[in-house]
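The sequence and the structure come first, and the description follows.

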Amino acid sequence: MGHQAEGTVAALGCEIAYRAAGDGPPVVYLHGAGGLRWGAALDGLAERFRVYGLELPGFGRSTLPDSVNSVPDAADVVAAVMGELGRGERMHLIGTSLGGRVAAWLAVRHPERVDRLVLESPAAFRPPELPPLSAYSPEELRRLLYGNPEQAPPFDDPAVRQRQLQAVGRLTKGVSWDTELERRLGEIQAPTLILFGTLDGLVPPEMGRIYKERIPQSFLIYVYQAAHAIQWDRPDAFVELVSDFLTRGEAFVVPRAKEAVR
Amino acid sequence: MSATAPAPAAGPASAARTQPPLLFSFFHLMAWPFLDRPPASWPVSPRYFDPHRGRQLYREYLDQMVLAEELGFDWVGCNEHHYTSYGLMASPTIIGGALTQRTQRARLAILGSLVPLNNPVRVAEEYAMLDVMSGGRLVAGFIRGLPQEYIAYHVDPEESFERLAEAWDLILRAWTEPEPFGWEGKYYRFRTVSIWPRPLQQPHPPIFISGGSSESVRLGVRRRVGIGVALANAEVARTQFERYRQLARADGWEPTRDLFFWDQAVYVAKTDAEARAAFRGPIDYFYRYLLVPTRRANELVVQGGYYRSEEDRQLRLRRVREREAVTLEAEIENGRVLCGSPDTVIEQLRHWVRYVGHGVLNLRFQVGTMPHEQVVASMRLFAAEVLPHVRDL
């Protein structure tokens with residue numbers, strides 16, 4: 001883990017904690033339902049960007065006041081934080097899983113805040129016939145999340161996990177298919193990169209089509225042999241794809257001879 | 001049946017009574033028949049290829065494949081080889097394209113494009129084109145290729161299995177994905193893939209892989225696709241198919257015999273004596289001329305990492321060496337050759353279908369130097385006097 005700064009920002013009645021590292025264009029990162037886990041992928045991004053890893057309301061050191069009751073509420077809070085951190089300038093936004101759902105809502109409601117958007121295994125559309133996250137044991141969850149469990153971060157403390165599940169429940173109200181977002185995805189103006197791992201056991205990778213079909217300027221990429229946690233299964237591929245997209249935007253489809261990631 | 005052939009055993013086929021009908025596949029290697037001495041090494045010098053004779057050969061070979069459909073064969077097939085007089089089929093999809101225009105009913109078995117050596121998106125596109133152009137008749141071979149093909153296309157043979165697995169996933173994705181997508185693989189990367197056309201058969205054409213090693217048999221079972229064994233004797237084919245059955249059963253399902261193809265060289269004439277006399281030369285040419293360079297290159301590559309298990313490596317080396325000293329009689333006995341009068345070939349087929357338990361008979365009528373007229377005569381005799389008696393085995 002590189003040299004990191006920590007801080008908090010007050011926004012819409014929330015205290016939002018963040019960790020930051022690196023120099024370069026600013027990027028806000030929103031974690032998934034397991035909380036902020038800063039690994040090799042975020043370190044890699046921090047070599048080219050100023051990465052702010054935010055803790056969503058109700059996670060880690062961030063508060064969850066009564067006024068924040070939904071994913072769009074959380075998106076509004078993050079947008080306000082971005083206004084502070086970016087001093088009014090647009091920032092790139094990356095969201096993983098639950099964080100991807102928040103990021104997509106943020107791009108719908110606050111287009112002026114977002115430069116380029118990356119959705120890593122976004123969890124806004126999870127077929128309702130699949131069991132809820134709370135139905136899985138930590139070991140089961142681990143198998144759905146990681147194609148390569150040896151590279152995975154350690155288990156969370158049960159008390160931490162309990163608090164995370166409560167926050168997820170409150171924000172999503174247990175709704176795994178966000179029909180309102182589905183209707184509004186077409187309003188996203190930011191060029192958007194959608195990543196799904198071919199082994200994702202938590203959200204079927206085919207859900208990527210829903211974003212791809214509706215977001216006007218979007219790119220869907222399957223990351224081979226990664227499960228839900230692409231950052232942990234294929235960290236180098238994640239860094240390369242995301243950096244290239246954030247740097248070149250839609251021109252990232254044009255091959256360059258010097259890129260070579262295995 | 002040769003007197004020393006193994007007695008008909010209670011073969012795997014006897015276990016299952018509700019098997020699908022046998023499928024007869026007419027397979028063509030498109031050999032070069034004009035060598036006057038065995039090539040010294042692999043690759044074979046292009047100087048020995050005469051384009052004018054080549055043109056005539058392609059015409060005759062395609063005519064044979066078209067005739068096969070007329071005569072009632074269910075599949076017509078070809079495969080991919082490089083740098084060799086062994087087969088003039090550097091790109092089997094080109095032959096497939098020609099066949100879409102000259103056949104109406106038979107399945108086109110491209111067995112196949114060498115998936116780890118080609119651009120997988122190109123394979124997906126060409127296979128989809130063939131499927132659409134043929135009206136949904138493609139059988140898609142996802143073939144790893146002979147070891148020496150990795151020298152030809154400069155790919156590390158140790159990567160062959162992983163490349164096959166990844167290319168496979170990518171091709172299926174390209175065939176079935178309704179939106180453009182990118183692929184961040186370990187061997188292949190594309191920022192955007194969006195193929196036109198998509199295949200006609202839905203969700204995609206049937207897939208076959210080669211089943212010559214224990215590892216490929218496991219892969220076939222895991223993905224529930226057909227496997228084929230080529231240039232192998234009956235014992236090897238039976239072992240591989242039986243291994244497949246056992247693994248599938250352990251996995252909770254029962255494979256049908258149409259998942260197994262095995263190739264045999266065939267020649268039918270009026271009498272056994274006539275058939276043997278006529279087939280000796282072509283068979284001899286096949287092993288002593290066409291296969292010589294392949295054998296040497298094989299041994300070279302197999303020393304490296306093409307096979308990941310020692311068992312598979314030894315099996316390949318044994319099979320390679322086995323092909324050094326062959327006689328027509330031994331070939332008939334071990335099952336790689338069917339040869340004789342119609343009655344004899346009926347007997348041979350009855351025996352091998354029961355013994356090996358395969359459901360797709362991949363038959364090669366043009367072997368080595370055998371000229372067009374002789375191939376056609378043998379095919380016609382087979383269709384008239386053998387096929388009707390073995391269809392319902």
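In strand β5 of chain A, His92(A) is the bridge partner of Val27(A). Helices (H or I, at least four residues) and strands (E, at least two) are DSSP runs numbered from the N terminus, and two strands count as paired if DSSP finds at least two bridges between them. β5(A) also runs parallel to strand β6 (residues 114-120) of chain A, joined by five bridges. Here Ile94(A) has Val118(A) as its bridge partner in β6(A). Together with helix α3 (residues 98-109) of chain A, β5(A) and β6(A) form a right-handed β-α-β unit. Right-handed means that, with the strands pointing away from the viewer, the path from the first strand over the helix to the second runs clockwise.

Is β5(A) enclosed or open? Six of the six residues of β5(A), which spans residues 91-96, are buried, so the strand is largely enclosed by the rest of the structure. A buried residue has 20 or more other C-beta atoms within 10 Å of its own; an exposed one has 12 or fewer, and a partly exposed one lies in between, with C-beta atoms placed from the backbone. In a regular strand the side chains alternate between the two faces of the sheet. In β5(A) both faces are covered: one side carries Met91(A), Leu93(A) and Gly95(A), the other His92(A), Ile94(A) and Thr96(A), and all are buried.

## Model and confidence

This is a predicted model, in which local features need pLDDT of at least 70 and side-chain atom pairs count only at pLDDT 80 or more, while totals for chains, interfaces and linings use all residues. Residues are numbered from 1 along each chain as its sequence is written, and chains are lettered from A and ligands numbered from 1 in the order in which they are written.

The model scores ipTM 0.94 and pTM 0.93. For chain B the mean pLDDT, the predictor's confidence in each residue from 0 to 100, is 92, and 95% of the residues of chain B reach 70 or more. Over residues 1-16 of chain B the pLDDT is below 50, and this stretch has 29 contacts in the model beyond near neighbours in sequence. Two residues are in contact if their C-beta atoms, placed from the backbone, lie within 7 Å.

Chain A contains nine helices and eight strands. The C-alpha atoms of chain A fill a box of roughly 50 × 40 × 40 Å along the principal axes. A compact globule of 262 residues would have a radius of gyration near 18 Å, and the 17 Å of chain A agrees with this. The radius is taken over C-alpha atoms, and the globule rule is 2.2 Å times the number of residues to the power 0.38. Of the 262 residues in chain A, 53% are buried.

Chain B has 13 helices and 11 strands. Its box, again along the principal axes, is roughly 60 × 55 × 45 Å. Buried residues make up 50% of chain B. Among contacts in chain B between residues at least 6 apart in sequence, 77% join residues at least 24 apart.

## A β-α-β unit in chain B

Strand β7 (residues 207-210) of chain B is joined in parallel to strand β4 (residues 138-143) of chain B by two bridges; Ile207(B) is the partner of Ala140(B). β7(B) also pairs in the parallel sense with strand β8 (residues 226-229) of chain B, over three bridges, with Gly226(B) as the partner of Phe208(B).

Helix α6 (residues 214-223) of chain B makes a right-handed β-α-β unit with β7(B) and β8(B). Which residues of α6(B) are buried? They are Ser216(B), Val217(B), Leu219(B), Gly220(B) and Val221(B). These buried residues pack against β7, β8 and α7 (234-250) of chain B. Arg224(B), which follows α6(B), has a positive phi near 55 degrees.

## Where the chains meet

The contact takes 16 residues from chain A and 13 residues from chain B. On the side of chain A, α7 (208-214), β8 (218-223) and α9 (235-248) each supply at least two residues. The largest share, five residues, comes from β8(A).

Three bridges join β8(A) to strand β5 (residues 181-184) of chain B, and the two strands run parallel. In this pairing Val223(A) has Glu184(B) as its bridge partner.
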